[in-house]
Amino acid sequence: MNMQEAAVRADEILDGTFATIKPPVHWTHGQSTEGNCDVQRRRAVMTIISEERRGSFLGLIARYWESQGYKQLSVNNSKSPAMYYRTPDEFNVRVLFGSNGQAFFEVATPCVNPSKVSPPKAETVGPNYAEKRIPFPDVKSDFWSAKSAPSSRT
């Protein structure tokens with residue numbers, strides 16, 4: 001596998017993760033970086049996820065990643081919760097919450113054969129801030145931004 005193929009695989013991991021989020025969220029590409037033999041792909045969620053809904057959001061992601069055979073590496077349950085997993089093909093994936101309820105995703109590839117890497121092809125949901133400063137989340141969701149814990153029926 002070369003760096004371009006690894007970047008495509010990282011994008012597939014992110015695409016699958018975002019496809020499982022219901023209701024869907026707005027997101028933008030974050031900065032993609034290339035090392036000597038690895039690639040990092042990033043996405044930032046532009047939908048406001050309230051403190052009351054972060055546990056549900058992370059639970060949804062954890063269930064999906066575990067259903068895909070990803071192994072949990074660690075969890076941070078602080079004021080800025082985060083989860084770290086590894087895929088069976090050695091890609092490291094993480095989601096963490098930053099300021100104002102903004103979730104950030106990153107996929108880091110294993111070391112692979114050097115090659116040129118193209119930017120991600122996936123269309124963002126909302127404005128694309130790739131290669132720019134990503135603003136705080138500004139999209140309200142009736143579900144994800146709600147200030148109450150979800151009922152057991154949601």
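Biologist: How many disulfides does a search of the whole structure find?
Modeller: The search finds one. A disulfide here is a pair of cysteine sulfur atoms within 2.5 Å. Cys37 is joined to Cys111, S to S 1.9 Å. This is a predicted model: local features need pLDDT of at least 70, side-chain atom pairs count only at pLDDT 80 or more, and totals for chains, interfaces and linings use all residues. Residues are numbered from 1 along each chain as its sequence is written, and side-chain values use heavy atoms, leaving out hydrogens and water.

Biologist: Which parts does the pair tie together?
Modeller: Cys37 sits in the loop between strand S2 (33–34) and S3, and Cys111 in the segment after S7, so parts 74 residues apart in sequence are tied together. Strands (E, at least two residues) and helices (H or I, at least four) are DSSP runs, numbered from the N terminus.

Biologist: Is the disulfide left-handed or right-handed?
Modeller: The torsion about the S-S bond of Cys37 and Cys111 is about -125°, so the disulfide is left-handed.

Biologist: Which residues have the most contacts inside the largest nonpolar core?
Modeller: A nonpolar core is a set of buried Ala, Val, Leu, Ile, Met, Phe, Trp, Tyr and Cys residues joined through side-chain atoms within 4.5 Å. Buried means under 20% relative accessible area, exposed over 50%, partly exposed in between (1.4 Å probe, protein chains only). The core has 34 residues; Ile21, Phe57, Trp65, Val95 and Phe105 have the most contacts inside it.

Biologist: What does Trp65 touch?
Modeller: Contact means heavy atoms within 4.5 Å. Leaving aside residues up to four places away in sequence, Trp65 touches Thr17, Tyr70, Met83, Tyr85, Val93, Arg94, Val95 and Phe105.
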